[in-house]
Amino acid sequence: GDNQLNEVNSSRTVSWTTPNKSCEISLGDIQSEEGRDIVMNLILPALAALTTESVLKATLSYFNVITSSMQTISCDLVVSRTDAAPGAPDPDLDQQRNRVVAAAALKQAKALADQGNLEGAKTLLNETIANIEQSISAQSNFSKALVADLRTSLGSLQSRDEYLSHGQQYMCSKMQTHVDQRSNFVDKQTYYSSSSKEAYREASRDFASPSKPPAPSKPSQGAAPPAFKK
């Protein structure tokens, strides 16, 4: 039909097989319990009559390491084009929109700070924080975590030295984390974590801080000394 993919947000290269109509994205390796959300802008044309139609088809081809075989699954996005009042925005979709906005802001703010424009970087981050805090998913733990990352980045822009000492690396790491939707263990934030990663984190923590061996027990007062045979 006349549906148009106006924008596709992905950290991977988007290869258009037909401009604004169909594309392919290589997602790379996806670890156990991970997921990838691809936010896109789909433009639907006006219709002469009300209808329910499939407006988008998504197909995923992947190698299943458990079965050692290639597998393919697909699904259709079906939309009811009615004259009813618009429904409420989806909170999960809004959270992903906030993720894309936050990652883009971190990337742009870092570029500004690298050029010495700390004030421009701070203005951009403040505007992004206000944007997310006004969204419908602002009170979700995920959106709050995004805002926390942006505020920490903002705090590292107080001086050139402070930015270079830790802000630059922090902003780069957080931007990549939100783009890839993959935990990198920079801090205790666990919005992209999984049970296997948490187990690895705990094992690493135990290895870095081994428990002290128990102190040798002392003989009770008045106890007879041990006897030795000659």
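I66 is classed as exposed, with a relative accessibility of 76%, where exposed denotes over 50% relative accessible area, buried under 20% and partly exposed the range in between (1.4 Å probe, protein chains only). The structure is a predicted model, in which local features need pLDDT of at least 70 and side-chain atom pairs count only at pLDDT 80 or more, while totals for chains, interfaces and linings use all residues. Residues are numbered from 1 along each chain as its sequence is written, and side-chain values use heavy atoms, with hydrogens and water left out.

I66 is located in the loop between β5 (51-64) and β6 (69-81), strands being DSSP runs of E with at least two residues and helices runs of H or I with at least four, numbered from the N terminus. Together with F63, V65 and M70, I66 makes a nonpolar surface patch of about 510 Å².

In contrast to I66, which is exposed, L154 is buried, at a relative accessible area of 14%, and lies in helix α3 (residues 141-155). When residues up to four places away in sequence are not counted, L154 touches K122, L125, N126 and I129, a contact being defined by heavy atoms within 4.5 Å.

Zero disulfides are present in the structure, a disulfide being a pair of cysteine sulfur atoms within 2.5 Å. C23 is partly exposed, with a relative accessible area of 25%, and C75 is likewise partly exposed, with a value of 48%.

Key. Patch = residues over 30% accessible without salt bridge, like charges linked within 9 Å, V, L, I, M, F, W, Y side chains within 5 Å. Areas by Shrake-Rupley, 256 points an atom, 1.4 Å probe, with all protein chains shown as cover. Salt bridge = Lys/Arg side-chain N within 4 Å of Asp/Glu carboxyl O.
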